[in-house]
Amino acid sequence: MPGSNLQPVSFHSGHMGFPPRRFPRIADTAPDPQSVQHQLDESDEASPVEWTEEDVVRLHCLLLDDLSALADPGTPLEEKFDTLRWVFTDPDKDGQPFSFASCLQVAGCSPMSTYPYFGRLDVNDVRDLLQGYVRRWLRETLDRYPAWVREAISHNPQWASDRLSKNPQWINEQLKRQNVLGDLFA
């Protein structure tokens, strides 16, 4: 940006905390989930939705807010895998409107951002930083599961990610099946 006084920001190693989710999901904020569903059912699908620039910026920030769930051991693996696929997607897609790179740029540079100003970041530096934490975050989540689940996912994370993408309840179903059948090799 010509004439701009924006300075690049770099990350330093150490503990990285993400800001807490600032905008809870619609269903979480409504006191009555049925009223939310009723409002969604009653919406007129024929009329176009008007998005303001502030709405679009807020949506970019909401997507980045999901990064905080990576560090939470209670976040389901399927959610973590989805977020990681979004962050580490093909760099050719970085120019897409709601890609990880676009969200970083909008959230960091827009005056309407819900984040304090942090300027333009190098998306690859941020990915490298996140990659340094991913193993620990996944290990902390996997520690909640029996050893056989940890081993299966550790040996072939892509296979587990594919299974969870097709059926987010896959691990729960396997755990339930094992509890009913027991260990056939014990």
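This is a predicted model: local features need pLDDT of at least 70, side-chain atom pairs count only at pLDDT 80 or more; totals for chains, interfaces and linings use all residues.
Of the 186 residues of the protein, 31% count as buried, and if you turn to contacts with a separation of 6 or more, residues 24 or more positions apart account for 66% of them.

Next, select helix H4, residues 77-87, together with helix H8, residues 157-166, whose axes come within 9 Å and cross at roughly 110°. Angles of 65 to 115 degrees count as roughly perpendicular, and H4 and H8 are therefore roughly perpendicular to each other.

Now show the side chains where these two helices touch: on the H4 side you will find Leu77, Glu78, Phe81 and Arg85, which meet Pro157, Ala160, Ser161, Leu164 and Ser165 of H8. Sorted by class, this contact of H4 with H8 has five nonpolar, two polar and two charged residues.

From here, move to the largest pocket, which holds about 590 Å³ of space. To centre the view, select Phe81, Leu84, Val134, Leu138 and Pro157, which are the closest to the pocket's centre among the 17 residues that line it.

Finally, colour the lining of the largest pocket by helix: H4, H6 (123-142), H7 (147-155) and H8 each supply at least two residues, while the largest share, six residues, comes from H6. Coloured by class instead, the lining of this pocket shows eight nonpolar, four polar and five charged residues.

Terms used. Residues are numbered from 1 along each chain as its sequence is written. Side-chain values use heavy atoms; hydrogens and water are left out. Axes are lines fitted to C-alpha atoms, for helices over the stretch in contact, and angles run from 0 to 180 degrees between N-to-C directions. Helices (H or I, at least four residues) and strands (E, at least two) are DSSP runs, numbered from the N terminus. Angles under 35 degrees count as roughly parallel, over 145 as roughly antiparallel, 65 to 115 as roughly perpendicular and the rest as oblique. Contact means heavy atoms within 4.5 Å. Ala, Val, Leu, Ile, Met, Phe, Trp, Tyr, Cys and Pro count as nonpolar, Asp, Glu, Lys and Arg as charged, and the others, Gly among them, as polar. On a 1 Å grid over the protein atoms alone, a cavity is a set of points where a 1.4 Å probe fits but cannot get out, and a pocket is an open set with protein on both sides within 12 Å along at least five of seven lines; lining residues have an atom within 4 Å of a point. Grid points are joined across faces, edges and corners, and a volume is the space filled by probe spheres set on the points. Buried means under 20% relative accessible area, exposed over 50%, partly exposed in between (1.4 Å probe, protein chains only).
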